[in-house]
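Visitor: I am new to structures like this one. Can we walk through some of the terms?

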Amino acid sequence: MTIDQSRSTRREVDRNRLTPAPPTESYLGMPAFPKGVKSELGNQQLRRNLRHATTTIRGKRAMRQAEVHNWQEMRTAAEQIKNRVGRHLDHYLIQAEEKMTAAGITVHWARDAEEANRIVVDITKSKNTDEVVKIKSMATQETDLNEALEEAGIAAWETDLAELIVQMGHDKPSHILVPAIHRNRSEVREIFLDEMGNWGAPAPADISDDPPELANAARLHLREKFLRAEVGISGGNFIVADTGSLVIVESEGNGRMCLTLPETLISVVGIEKLVPTFDDLEVFLRLLPRSSTGERMNPYTSIWTGVTEGDGPQDLHVVLLDNGRTKVLEDPVGREALRCIRCSACMNVCPVYERVGGHAYGSVYPGPIGSILTPQLRGVSSPIDQSLPFASSLCGACDEVCPVKIPISDILVHMRHKVVEYKKGKRPIPTGERVLFKGLGWMMAKGNRLAGAQTFTKTAGKLFKRKQYIGPIPIPGYAANWTNARDIPMPPAQTFRDWWAEREDTK
Amino acid sequence: MSAREEILRRIRGATRDIKVKDPVADVAVDWVYGQPTPLDDVVDTFIENIEDYKARITRSEASSTGQAIVDALDELGATTVLVPDGIDAGWVAALEAGGKTIVRDTALSHYELSDTDAVLTGARVAAADSGTICLDHDDTQGRRALTLVPDRHVCVVREDQVVSDIPEALIRLKPAVEARRPITWISGGSATSDIELDRVEGVHGPRQLFVVLEA
Ligand code: SF4
């Protein structure tokens with residue numbers, strides 16, 4: 001499609017909305033991973049953008065890790081500190097609440113997304129304003145806060161550059177750190193030209209696709225919103241239990257704008273985001289930037305401990321969000337996922353993520369962490385959540401980079417087991433998968449049975465000698481789940497057994 | 001049941017397998033806090049890392065800091081300068097002599113801050129290994145908006161304020177946290193890598209950071 005065509009087919013501005021409409025499908029209504037993959041794999045531009053981005057960031061992360069002489073010790077410390085918090089979460093939450101309250105913060109608790117959204121909407125409404133500025137936050141994406149605000153007549157403006165691209169592009173984020181990683185510069189230019197003017201200061205008409213010019217357009221567009229905003233909304237990277245401080249790391253300064261300029265600030269933070277002491281920050285604030293953007297330090301870190309008279313918001317709220325986290329905590333294996341500090345290193349090294357991108361995971365948490373966290377947060381009753389633990393080749397690259405040492409592959413296997421158990425409970429009659437694996441088990445149990453089967457693949461291999469791939473095989477029924485998005489390599493003309501026998505002979 | 005009680009009840013149910021109730025006794029943390037990071041030269045490392053962020057840094061003797069600040073502002077093309085109340089009187093005199101217009105923070109509005117060319121501040125501590133300057137917003141640095149809204153930031157750091165890394169810096173930031181003052185860490189100017197992971201210097205915060213390192 002040429003650019004002109006794509007522009008003429010763009011949607012008309014929906015005058016009934018305060019902010020750009022998000023795509024119509026919800027995450028939960030999205031197809032299961034294998035289906036999502038099929039459409040995403042077909043998107044060449046997406047794959048090119050992703051490969052470029054993940055390759056760059058992988059290299060930077062590895063370099064920054066190598067610079068730190070005690071990296072592995074630091075990872076172990078992070079693991080231990082986060083385990084201490086998770087295993088005694090009630091203790092630390094109560095301590096943090098006490099400290100925050102004493103510092104002038106109003107602390108709220110939310111059992112689920114709906115309750116969290118209601119709290120935020122009510123506070124915002126009480127301020128008689130019809131808009132809020134937002135700093136990128138995974139927790140509020142999880143609760144779909146923007147749409148709850150929209151329904152209440154409040155416009156929520158995303159201010160992180162990538163989030164702005166996603167919002168203006170009527171799109172969904174595809175990465176937790178760089179949510180518009182699936183867009184290239186010329187796509188961003190188109191989106192800005194088409195949309196910015198509908199919602200505030202337009203992009204300069206002669207703007208090129210040079211990233212500094214695009215960043216400047218974002219600066220101009222957002223500045224008026226920052227300067228006039230009365231309510232800011234954030235997440236939080238850490239809450240320090242022994243001081244009641246909140247910590248947010250960012251790059252662009254949009255976070256500082258949201259945290260500093262409005263009179264009211266509401267921070268929605270997952271209950272697992274605690275660290276016990278202020279001193280513990282020395283571990284996390286060194287691991288996080290090096291693992292996420294591959295920088296020695298992110299450009300800006302804000303730490304605030306309650307209300308400071310004459311400086312920043314005078315009305316501070318923190319919403320402590322459960323929304324499934326206590327369910328994760330219940331599972332002694334799965335609970336290790338709660339250590340996650342959302343650095344995104346695991347998705348940047350993941351060969352599956354690199355090829356399919358974030359949208360196929362059907363959740364705000366894509367990549368390896370999404371595959372273990374989402375089905376725990378939401379349970380394994382929907383097809384998308386059942387498919388997620390299988391969206392991995394178990395290569396283990398994620399385990400190696402995770403700064404808090406989450407054994408992602410082990411939890412993946414554990415979750416697969418849970419999915420199978422769930423299905424068994426639902427359907428006592430064997431599924432196709434169980435019959436298939438029973439059969440495989442029978443075949444592999446005895447050497448001669450396996451040898452027999454291999455004679456068949458060997459013959460096939462000889463028949464198609466010169467082709468490398470068969471392409472997706474249109475097998476109907478259950479096996480299609482496995483074959484429809486994968487090219488099947490040609491069976492080799494010689495089996496390992498034959499090769500070994502021959503090698504022994506020629507010795 | 002309130003949401004608070006309900007969540008705490010869920011947590012206690014979910015962790016009933018954990019028998020040792022004292023968090024510190026239950027999970028040991030093998031880490032020695034507050035250790036310096038071994039560096040060949042702390043100050044040189046700091047300078048290199050600031051430059052790596054594409055921020056400017058120059059060195060001055062205590063007697064010439066005022067002039068160094070004026071030179072920095074000239075280089076940045078700034079005429080109006082926001083000056084927090086605790087800034088050294090000698091530097092203020094140098095600014096006046098250098099033809100700069102001094103703006104004091106008389107509860108300025110966001111728009112007035114936005115119309116000022118630059119801000120001049122001191123710092124609390126700086127971490128060399130990551131090139132991080134830590135502000136604790138005392139009267140040499142002013143409230144947070146001062147170092148955020150104007151487009152240029154000239155920051156004077158004394159060499160004795162530069163430590164090896166974050167662990168040592170946190171020790172010096174402790175009093176500010178205990179006094180519940182906000183803290184801001186700055187590592188270079190604002191930047192983004194959101195478009196194709198190309199780093200672009202300068203988005204919403206000050207787009208230019210100029211560090212004057214005083215001996
Ligand atoms: S699982 Fe580990 S690597 Fe992945 S985002 Fe979380 S902390 Fe980072």
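Guide: What follows is a set of questions about terms, with answers from the model.

Visitor: What scores does the model carry?

Guide: This is a predicted model. The model scores ipTM 0.97 and pTM 0.88.

Visitor: Why are α9(A) and α10(A) called roughly perpendicular?

Guide: Two packed helices are described by an angle and a distance between their axes. Helix α9 (residues 161–168) and helix α10 (residues 185–199) of chain A pack at about 75 degrees. Their axes are 9 Å apart. Angles of 65 to 115 degrees count as roughly perpendicular. The angle of about 75 degrees falls there, so α9(A) and α10(A) are roughly perpendicular to each other.

Visitor: Which residues make that contact?

Guide: From α9(A) come L161(A), L164(A), I165(A) and M168(A). The α10(A) side includes V188(A), I191(A), F192(A) and W199(A). By class, the contact has nine nonpolar residues, no polar ones and one charged. Glu counts as charged, and E195(A) of α10(A) takes part in the contact.

Visitor: What makes a strand an edge strand?

Guide: Pairing on one side only. Strands of a sheet pair through backbone hydrogen bonds, either parallel or antiparallel. Take the open sheet in chain B with the order β1-β12-β7-β4-β2-β3 and parallel pairing. From one strand to the next, the twist averages 25 degrees.

Visitor: How do you know that β2 and β3 of chain B are paired?

Guide: A pair needs at least two bridges. Three bridges join β2 (residues 80–82) of chain B to β3(B), and these strands run parallel. One of the facing pairs is L82(B) with V103(B).

Visitor: Which helices pack on this sheet?

Guide: Among them is α3 (residues 42–52) of chain B, which touches β1 and β12 (208–214) of chain B. The direction of α3 makes about 150 degrees with that of β1(B). Helix α5 (residues 89–97) of chain B lies across β3, β4 (118–121), β7 (152–158) and β12 of chain B. Helix α5 runs at about 135 degrees to β3(B).

Visitor: Which sheet has strands from chains A and B?

Guide: An open sheet of eight strands, ordered β8(A)-β5(A)-β6(A)-β9(A)-β9(B)-β6(B)-β5(B)-β8(B), with mixed pairing. At its edges stand β8 (274–275) of chain A and β8 (162–163) of chain B. Each has a single partner strand, so one side of each is left without a neighbour in the sheet. Within this sheet, β6 (residues 132–135) and β9 (residues 183–186) of chain B run antiparallel, joined by three bridges. L135(B) stands opposite T184(B) in β9(B).

Visitor: What surrounds the ligand?

Guide: The residues around the ligand include C340(A), C343(A), C346(A), C402(A) and R342(A). By class, the shell has ten nonpolar residues, one polar and one charged. Arg counts as charged and Cys as nonpolar.

Key: Residues numbered from 1 in each chain as written. Chains lettered and ligands numbered in written order. Predicted model: local features only at pLDDT ≥ 70, side-chain atom pairs only at ≥ 80, totals over all residues. Heavy atoms only, no water. Helix = DSSP H or I, 4+ residues; strand = E, 2+ residues; numbered from the N terminus. Near = heavy atom within 4 Å. Axes fitted to C-alpha atoms, helices over the stretch in contact; angles between N-to-C directions. Parallel < 35°, antiparallel > 145°, perpendicular 65-115°, else oblique. Contact = heavy atoms within 4.5 Å.
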